[in-house]
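I opened the model to look up a few things. My notes follow, entry by entry.

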Amino acid sequence: MPSSSKKNHFRFWLTVYLLILVIQATSFLCSFYFLAENIRNGNRWIAFGSIVLLNLFSLAAIHFLNRKMSVGTLGSSMQALRTSRFTGAFLNVALASLVSTALVYLIDDVFYPTLATTPYGPLAASLVFLGGILEFIFTYYLFQGQGITRL
Amino acid sequence: MKEANAKLNRFIPIFLTILAILSVLPMMYYPDPTFYNWINSEAVNGYYWIIDAGIFMIFALIVWIKNRAEPPLRYGLMFLWVMLFSVILMFIHERQVTYGSNAVYTLPLFSVAIFEVKTFYDLFFCFAVLFLWPYGKKEPRYKNVLPIAVVLFALASVVYAFIRGRDNSYSYVYYTSFFKTNEDFGKVLFAGCFALGVLAYDAKGWLRYVLIFLGVGLLVAAGLLGLSITFWCLAGASLVIAFNLYSPQKDRLVSKPLKWGSLVYGLLVLLLALLTAIPSALATTLRSYFGDELVEVFSSHLKIWKAYLDSISSWRIFVGDGLMGYYRPSLLATGQATYTPLQNGIIEVYNGGGLVYLMFYFLAIVIGLAKLKKEEAHQTSFYAIIIAFTGAFLFYTILTNERLFFSSNYLSLVVAYLFMGYPHHKTAEDED
């Protein structure tokens, strides 16, 4: 395979990998948010169920993608990213937090606004922060790769 | 060129002393409140802060450029991303809110601008503490200037507190010294004790015992003056240090009298804690000195935290509420836009940028700890002093608006310098 084609091949899979990762992180954070809203007000079960389902699918996808990105030429090209896994993990959570903001705004404020009668801020902030920490740890270890290329 | 850099780095502690003086001036209420009222007035306060921050930034930039200091790429990227994130937040955070029966409140533009500038300044301050002040460690000639100034100020505050006497408008023991509230007084005392800890480590022979005696004296004074938050923070920190001194270690700087003294001290603090906790006539008296302020502050601040956290919802959970977070609770409760300080460093960080800021705050502390461990962990006693006092300071972060690395308030500044910019440069050979 010519080197330019190799580069394009890697760029394509890297984009897919990062995209799925952000979707996974976003759905993970949002599921904690909707869980808090459900516990306090019981009004977001459909949103919570859908987002958890999306999270499970993206988790499965990221598992297979990570395996693919850990072998062969893709695996060796991923080494540069793996050495910056600390920053990578932080950037992932930060980006997911922004996307979650947009998603929750669309669901809670634009498409399906319902009146939350009981304040859920304290619980939601705690759960979302816990989710952020867990996601950071998950991404950090995910970026270590698998098999022979694992750092 | 190298000599010029050495002079510049040598100047870092002196510059931070000037900055500490600038940060303490707006706290001075007594003997004459005229200056306090002027400097804290709406017209002056913002400009005073801009001058203060401007001086800091110019000096930090000079240190950065002259030393050609480059943080590791991973940390540089993180700071860059958080800066970018803060820019995005400027457009996300609300500046207008509808409350009650369709009444609208809009934040003043000047306040918003100051808030945003403060956010960026805090980030730069954190960067400076982590990556620029450690250059001062290479040239430690004037490293004791700031600690000595801090100790002298604490001692003067204690003396003046006893001269001025107690504020009788409170049901419990309440002394304010030069300050409007005893919270500020407590912070000055805490900073003084921390500084005495590192100075005692640095001193030799009898001077070390004098400094330890002064440190214990400040702790006792904190108790007698009813500064229970400061007292228990200092008691906790000193217990950790006492435990470290008593435990078997290779640090030859630890002498036998110091070891036995630390054991007796530890037992005395435990005895006092038990006497205060177990209900009795004595406990009632002790609590007015060692407990009432803590309970009062905690219960009043708890209401503020609850009101703030109850007021945020929807997407604000992820990115905080920005400046509106200081007004929203009062708007929802009374319909009046009253600026309410959140009285909790962690909640303030969260309010500024939500999950990302909060994670960045803890990661910055982890980065700082890792750097400290790498440079100072082999000096067990020094390491214990720094960790113990900084750990106790985190209690202040929970109860007040202090933030480690992310605030240039008096106490935060002193703790940040002693944590990241103060070198031990003390070996057993030096002692001999």
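**Notebook: strands, a cysteine and a chain contact**

I started with a bridge in chain B: Thr98(B) has Val104(B) as its bridge partner in strand 2 of chain B. I kept in mind that this is a predicted model.

Next I looked at the two strands as a whole. Strand 1 of chain B covers residues 96–99 and strand 2 of chain B covers residues 103–106. They run antiparallel, and four bridges join them. I then checked the link between them. The two strands form a hairpin, with three residues between them. Gly100(B) sits in the turn and has a positive phi of about 55°.

I moved on to Cys126(B). I found Cys126(B) in helix 5 of chain B, which spans residues 109–132. Is Cys126(B) buried or exposed? I counted 24 other C-beta atoms within 10 Å of Cys126(B). The cut-off for buried is 20 or more, so Cys126(B) is buried.

Which residues does Cys126(B) touch, leaving aside those up to four places away in sequence? I noted Ala364(B), Phe405(B) and Phe406(B). I also checked Leu404(B), which is 278 residues from Cys126(B) along the chain. Their C-alpha atoms are separated by 8.5 Å.

Last, I looked at where the chains meet. I found 27 residues of chain A in contact with 24 residues of chain B. On the chain A side, helix 5 (85–111) and helix 6 (121–142) each supply at least two residues. Helix 5 of chain A gives the most, with 14 residues. I sorted this side of chain A by class: 18 residues are nonpolar, seven polar and two charged.

Definitions and conventions. Residues are numbered from 1 along each chain as its sequence is written. Chains are lettered from A and ligands numbered from 1 in the order in which they are written. This is a predicted model: local features need pLDDT of at least 70, side-chain atom pairs count only at pLDDT 80 or more; totals for chains, interfaces and linings use all residues. Two residues are in contact if their C-beta atoms, placed from the backbone, lie within 7 Å. Ala, Val, Leu, Ile, Met, Phe, Trp, Tyr, Cys and Pro count as nonpolar, Asp, Glu, Lys and Arg as charged, and the others, Gly among them, as polar. Two strands pair if DSSP finds at least two bridges between them. A residue is buried if 20 or more other C-beta atoms lie within 10 Å of its own, exposed if 12 or fewer, and partly exposed in between; C-beta atoms are placed from the backbone.
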